[in-house]
Amino acid sequence: MNGKGIVRAPRVLGAFRKEIAVAVFSCVFSACPYALDLVGTAGGLSDVFSSFVDGNEGLTVFRSLNIPSGGRAESLGTACVALGDDSSFFDYNPAASCILERTEVSVCHNAWIADSAMETVSATARDGNLGYGAQLKCFYVPFTEYNLYGDSVAGSYYSETSAALNVSYNFRAGYNFRGIALGGSARAAWRDVPDYTDNKTDSVISGSGLEQSAAALMLDFGAIVRFNAAKFFSDRNPNLSLGFSVMNAGLSVTGFGSSLEVDDALPTRVAAGFSWRAAKALLISAEFRQPVNLLSLSSSGLWSAAAGVELSVMERLSFDFGFLLQGANPRISFGGGFSVMRAVVNVNYTFDLTSSANPVNHISLSARMRFGDRGRAALREKVDSHYIAGVSLYASGRIEEAVLEWERALSLDPSFDPAREAREIAVRFLGVKDDIMGIQRFSVE
């Protein structure tokens with residue numbers, strides 16, 4: 001090959017690469033509408049899970065109670081009944097407020113199907129082993145009334161709003177066994193249906209929407225147990241949690257403005273699951289759920305299951321992956337979270353066949369502000385300092401002084417098991433020492 005050929009070949013190859021790039025670019029962007037709808041993938045997944053079709057689906061009201069607020073919890077597939085480490089616990093297990101490390105205020109936005117959305121505001125705090133909080137959720141979708149000619153004659157919103165008050169307490173809390181957290185939430189909800197029009201006159205019928213609106217009262221109950229199991233890394237927090245909850249147990253009434261009557265059943269469910277930190281940077285959670293129709297147990301829905309994985313790549317950055325099997329339509333989600341000073345922001349993307357057919361994906365956002373821990377970290381440091389001082393004194397043979405240091409630690413935190421165990425050993429040693437001294441004196445006499 002001559003010199004000209006060597007120069008010309010790269011030019012021809014470069015032009016060929018440009019043609020390939022243009023072709024690939026055109027193919028990708030011409031396929032974007034298909035990629036967004038994911039029609040083929042959706043159909044294939046529905047066929048795979050067709051045996052999970054639920055014949056009792058859709059028999060309950062206030063379905064928005066099943067819509068996740070969004071953010072991290074949704075990224076983990078909503079497998080959060082045993083997680084309980086942020087303010088999203090309101091939707092999964094009311095026992096978690098008494099084990100949160102910090103006071104939190106959070107806001108979530110979940111862009112659901114079509115033009116509907118879920119907005120959530122939560123706040124929670126903790127005093128010792130007592131936790132409490134409040135949550136406000138609103139699901140809304142535009143509601144436009146058309147006449148027989150297709151003209152818009154009224155526009156408003158259909159909405160479902162709920163408010164919850166929570167309280168919980170952690171019993172028998174200790175250092176090795178972190179206690180049994182029990183809690184409950186009282187929730188009130190309102191379904192607002194806009195007034196609709198008369199098909200003959202096209203005039204809005206006053207009070208027509210109120211007849212179909214509804215009010216509901218319900219209770220949530222939950223329990224969380226935390227301890228260490230199969231733990232191969234050093235960390236003060238327990239790595240295994242077991243959770244159980246009963247959500248949305250209550251009654252709904254409708255027919256305001258005419259005659260009140262009991263509405264259809266609420267979406268009550270029972271859930272149980274676990275959360276296991278297999279490594280310091282790896283969290284695995286899973287849960288099993290069983291819907292319960294309190295008005296007709298035989299009409300209860302089919303069970304569902306969820307699982308999630310969280311990978312922390314660094315202290316302030318994490319990635320979440322989740323899967324929810326509910327009926328014949330799975331929900332696959334992933335997202336990420338990052339923290340800046342006191343703020344924690346989570347972004348979630350969900351491939352969702354449980355709620356929509358077109359599009360089958362949506363995005364949610366959440367932001368949490370973490371405030372102080374009400375002096376718990378400072379108290380823990382004081383307890384640790386007394387405990388370490390006691391260990392040092394014990395090692396140098398000053399056992400009585402070591403016992404005093406451990407008693408000071410226990411006076412600050414009676415649940416600090418290492419100080420209690422060390423004090424018991426030292427007291428037993430001192431007792432044996434006194435016995436030996438008594439025997440020696442008796443022998444001399």
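**Rings and charges**

Lys 231 lies over the face of Phe 233, at 5.6 Å from the ring centre; a charge sits over a ring if NZ of Lys or CZ of Arg is within 6 Å of the ring centre and within 35 degrees of the ring normal. This is a predicted model, in which local features need pLDDT of at least 70 and side-chain atom pairs count only at pLDDT 80 or more, while totals for chains, interfaces and linings use all residues. Residues are numbered from 1 along each chain as its sequence is written, and side-chain values use heavy atoms, with hydrogens and water left out.

- The charged end of Arg 178 sits over the ring of Tyr 175, 5.7 Å from its centre, and Tyr 175 also forms one aromatic cluster with Tyr 387 and Phe 416.
- Rings of Phe, Tyr and Trp (its six-membered ring) pair if their centres lie within 6.5 Å, and planes under 30 degrees apart count as stacked, over 60 as edge-to-face and the rest as tilted; the count comes to 9 aromatic pairs.
- The ring centres of Phe 89 and Phe 90 are 4.3 Å apart with their planes at 20°, so this pair is stacked.

**Burial**

- Phe 89 is buried at 2% relative accessibility, and Phe 90 is buried at 0%, where buried means under 20% relative accessible area, exposed over 50% and partly exposed in between (1.4 Å probe, protein chains only).
- Ser 75 is likewise buried, with a relative accessible area of 1%.
- The C-alpha atoms of Ser 75 and Asn 348 are separated by 5.6 Å, although these residues are 273 residues apart along the chain.
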